[in-house]
Amino acid sequence: SDRLLDLEREIAAKVEAAERVRSRIIDEIETLQNPLYVSILLYRYIHGMKFEEISCQMGYSYVYVTHLHGEALQAFSLMKEQS
């Protein structure tokens, strides 16, 4: 039916828009100079990993990962303010 086709088109458009936003966020995160910050932010916000998972993946303690995450957010915020 036309209604079903319209819904499929709407969903496809929303998925495409979400992918564009996701790609832009990845690009912005990857402009950070510190590769640890990039990794943590990508694991957390693109892959949806918990801090426990990130610490296992990176081989760092949970406390260190949460500390780096805070630093990464500050660095990202400063970068956004300067652009």
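1. At what angle do the axes of helix 2 and helix 4 cross, and within what distance do they come? In this predicted model, the two axes cross at roughly 100° and come within 9 Å. Helix 2 is therefore roughly perpendicular to helix 4.

2. Helix 2 contributes Leu-36, Tyr-37, Ile-40, Leu-41, Arg-44 and Tyr-45 to this contact. From helix 4 the residues include Tyr-64, Leu-68, His-69, Glu-71, Ala-72 and Phe-76. By class, the contact of helix 2 with helix 4 has 12 nonpolar residues, 1 polar and 2 charged.

3. The largest nonpolar core has 17 residues, and Ile-29, Leu-32, Ile-40, Leu-41, Leu-42 and Ile-54 touch the most other members. Helix 1 (2–29), helix 2 (35–46), helix 3 (51–58) and helix 4 (62–82) each give two or more residues to this core. Helix 2 supplies the largest share, 6 residues.

4. Leaving aside neighbours within four places in sequence, Leu-41 is in contact with Ile-29, Leu-32, Ile-46, His-69, Ala-72, Leu-73 and Phe-76.

5. There are 2 aromatic pairs in the structure. Phe-51 and Tyr-62 are edge-to-face, 6.3 Å centre to centre with 85° between the planes. Phe-51 lies in helix 3 and Tyr-62 in helix 4, so the pair ties together parts that are 11 residues apart in sequence. Phe-51 is buried at 14% relative accessible area, whereas Tyr-62 is partly exposed at 41%.

6. The pair of Tyr-60 and Tyr-64 is also edge-to-face, because the ring planes are at 75°; the ring centres are 5.1 Å apart. Tyr-60 is partly exposed at 32% relative accessibility, and Tyr-64 is partly exposed at 35%.

Conventions: Residues are numbered from 1 along each chain as its sequence is written. This is a predicted model: local features need pLDDT of at least 70, side-chain atom pairs count only at pLDDT 80 or more; totals for chains, interfaces and linings use all residues. Side-chain values use heavy atoms; hydrogens and water are left out. A nonpolar core is a set of buried Ala, Val, Leu, Ile, Met, Phe, Trp, Tyr and Cys residues joined through side-chain atoms within 4.5 Å. Buried means under 20% relative accessible area, exposed over 50%, partly exposed in between (1.4 Å probe, protein chains only). Helices (H or I, at least four residues) and strands (E, at least two) are DSSP runs, numbered from the N terminus. Contact means heavy atoms within 4.5 Å. Axes are lines fitted to C-alpha atoms, for helices over the stretch in contact, and angles run from 0 to 180 degrees between N-to-C directions. Angles under 35 degrees count as roughly parallel, over 145 as roughly antiparallel, 65 to 115 as roughly perpendicular and the rest as oblique. Ala, Val, Leu, Ile, Met, Phe, Trp, Tyr, Cys and Pro count as nonpolar, Asp, Glu, Lys and Arg as charged, and the others, Gly among them, as polar. Rings of Phe, Tyr and Trp (its six-membered ring) pair if their centres lie within 6.5 Å; planes under 30 degrees apart count as stacked, over 60 as edge-to-face and the rest as tilted.
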